[in-house]
Amino acid sequence: MLPDFNPPAPALARPAGQTTAQGPAEPVSRRWTSLYGLVWFGFWTANLVPLQLLLPQQLEAIDPASKVYDFAVVNGVSGLVALLALPLCGALCDRSRSRFGRRRLWLTAGAVAFAAGLIVTGAQTTVAGVVVAWAASMIGLSTATAGLTAIIADRVPEGQRGMISSAIYGPQAFGVVVGIALVSVFGLSPMSGFAVIAALLIVCLVPFLAAHRDIAFTVEAPLSIAELLASMGNSLRNREFAWAFGGRLLVNLANSLGTCYTLYFLSDGLNVPDPAGTLLVCTVLYLLAGLVATAAAGVLSDRLGRRRIFVALAALLQAASGFLLASAPNLTVMMVASALMGGGFGAYMAVDQALITQVLPDAESRAKDLGIMNIGAIVPPAIAPLIAGAIISSQHGYPLLFALVGATAAAGAVLVYRIRSVR
């Protein structure tokens, strides 16, 4: 069923967890939180395993001489698509209604489209085919995240948002580890790997869809492009929102710059004999540090009622990772830097998501505003290969790349501390 943009029928009774003027009142259960985290596990696996392993392998097989350039182009085009699709899908999600639920509708449709895009991407045998298929996949991902992230502001009380943010970002590195392990252990080809993670995405989604029910909202008039652009401009003119967006964009860019060419860094920069196996080890270290930091930071942030200090310190931890690897690019330091990056990024995203929900300008346009914020999370992994590819090709190579990682993360920490409305 397509979204209905006609004036709404009389609202039905609202389920538990209804949003009031003061925000959601009823706490979410552990079961709901677990199922919500499972959905994110599926999405992280489906989005990041291609970026970390499958796309580099696929492009190396298609065009080994130009693999760095090809990877940059693939991600640059998909980043542009996501940049346009995220706020648009968020705004349309805010304006739509359906018996299935407006958030559930967009989440389901987006997940199915994303899974189909993954399978089509894996079947490509030309660089141009990969570019088009992966960019189309980003439309599905943007559609799904419009509903998935808006659910937090709709359903989760402010005092639980640090914990819920941990449920979102805790599975991130775990999803990458599981995906890479499946591909490596079973010797899957890129085509088979894409198909497996597409199936895993749907399997992780179904339990949450069965358990979650959307709350009811008033639906406004149809949205025009001019209104959307004006609304986006209004959101970004809100200083607190703008600082939060800038911080998220820079820290995610730093993390993406530090991880997007890890496979090529291990094979071409450090000349390790088993790049895929070493990548798995680095990702496990990233995972373990990230899990501990995510859980601890989210819970402590809720208990202390403080967000900024956790977000800023986590960003600085990632900065330290980049500067360390820039000063001594070897395998041992790579292992240490992976743990620092994972711990810093896990803690950052766990608390940053909670912070962001506290600076949204308008309760009636949550999905649109979160769609803007999602640009800061989804676009950096797409544009990072463009930046990193140019740096790697220069005479300064990987040391300059990792120094940029440190500087970008540090700048993100500074922007977060410009936020004054959140402790």
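## Contacts, rings and cavities

The side chains of Asp 352 and Arg 248 are joined by a polar contact of 3.0 Å. The model is a predicted one. Asp 352 belongs to helix α12 and is buried, its relative accessible area being 1%.

Helix α12, residues 331-357, also matters for the account of the cavities: six residues of the helix line the largest cavity, and this is the largest share of that lining. The search over the whole structure gives seven cavities of 30 Å³ or more. The largest has a volume of about 520 Å³. Its lining comprises 37 residues, of which Gln 52, Asn 255, Thr 259, Cys 260 and Tyr 286 are the closest to the centre of the cavity.

Helix α8 runs over residues 239-259. From first C-alpha to last, the 21 residues of α8 reach 30 Å, close to the 30 Å expected at 1.5 Å a residue. Of these 21 residues, 16 are buried, so the helix is mostly covered, taking under 20% relative accessible area as buried. At the start of α8, Asn 238 places a side-chain oxygen within 3.2 Å of the backbone nitrogen of Glu 240.

Aromatic rings are the next topic. A pair of such rings is described by the distance between the centres and by the angle between the planes. There are twelve aromatic pairs in the model. Two of them are set out below.

| Pair | Centre to centre | Angle between planes | Geometry |
|---|---|---|---|
| Tyr 36 and Trp 40 | 6.4 Å | 80° | edge-to-face |
| Phe 43 and Phe 114 | 6.3 Å | 10° | stacked |

How far apart are Tyr 36 and Trp 40 in helix α1? They are four residues apart in this helix, which covers residues 30-62, and because of this spacing about one helical turn separates them. In general, an α-helix has 3.6 residues a turn, so residues three or four places apart point the same way. Tyr 36 is buried at a relative accessible area of 0%, and Trp 40 is buried at 6%. Both residues also belong to a cluster that ring pairs build from Trp 32, Tyr 36, Trp 40, Trp 44 and Phe 208.

The planes of Phe 43 and Phe 114 are at 10°, and the pair therefore counts as stacked, the cut-off being under 30 degrees. This pair links distant parts of the chain, with Phe 43 in helix α1 and Phe 114 in helix α3 (residues 102-122), 71 residues apart. Phe 43 is buried, with 3% relative accessible area, and Phe 114 is buried as well, with 0%.

Rings also take part in contacts with charged side chains. The ring of Tyr 264 has the charged end of Lys 67 over it, 4.5 Å from the ring centre. The charged end of Arg 308 sits over the ring of Tyr 417, likewise 4.5 Å from the centre of that ring.

The last point concerns the backbone. Most residues other than glycine have a negative phi. Asn 271 is not a glycine, yet its phi is positive, at about 55°. Is Asn 271 buried or exposed? Its relative accessibility is 57%, and Asn 271 therefore counts as exposed, the cut-off being over 50%. Asn 271 lies in the loop between α9 (262-269) and α10 (275-304).

Conventions
Residues numbered from 1 in each chain as written. Predicted model: local features only at pLDDT ≥ 70, side-chain atom pairs only at ≥ 80, totals over all residues. Heavy atoms only, no water. Helix = DSSP H or I, 4+ residues; strand = E, 2+ residues; numbered from the N terminus. Expected span 1.5 Å × (residues − 1). Buried < 20%, exposed > 50% of the residue type's maximum accessible area, 1.4 Å probe, protein only. Polar contact = N/O pair within 3.5 Å; in protein donor to acceptor, adjacent residues only side chain to side chain. Phe/Tyr/Trp six-rings, centres within 6.5 Å; stacked < 30°, edge-to-face > 60°. Lys NZ or Arg CZ within 6 Å of the ring centre and 35° of its normal. 1 Å grid on protein atoms, 1.4 Å probe; cavity = no way out; pocket = protein on both sides within 12 Å on 5 of 7 lines; lining within 4 Å. Points joined across faces, edges and corners; volume = space filled by probe spheres on them.
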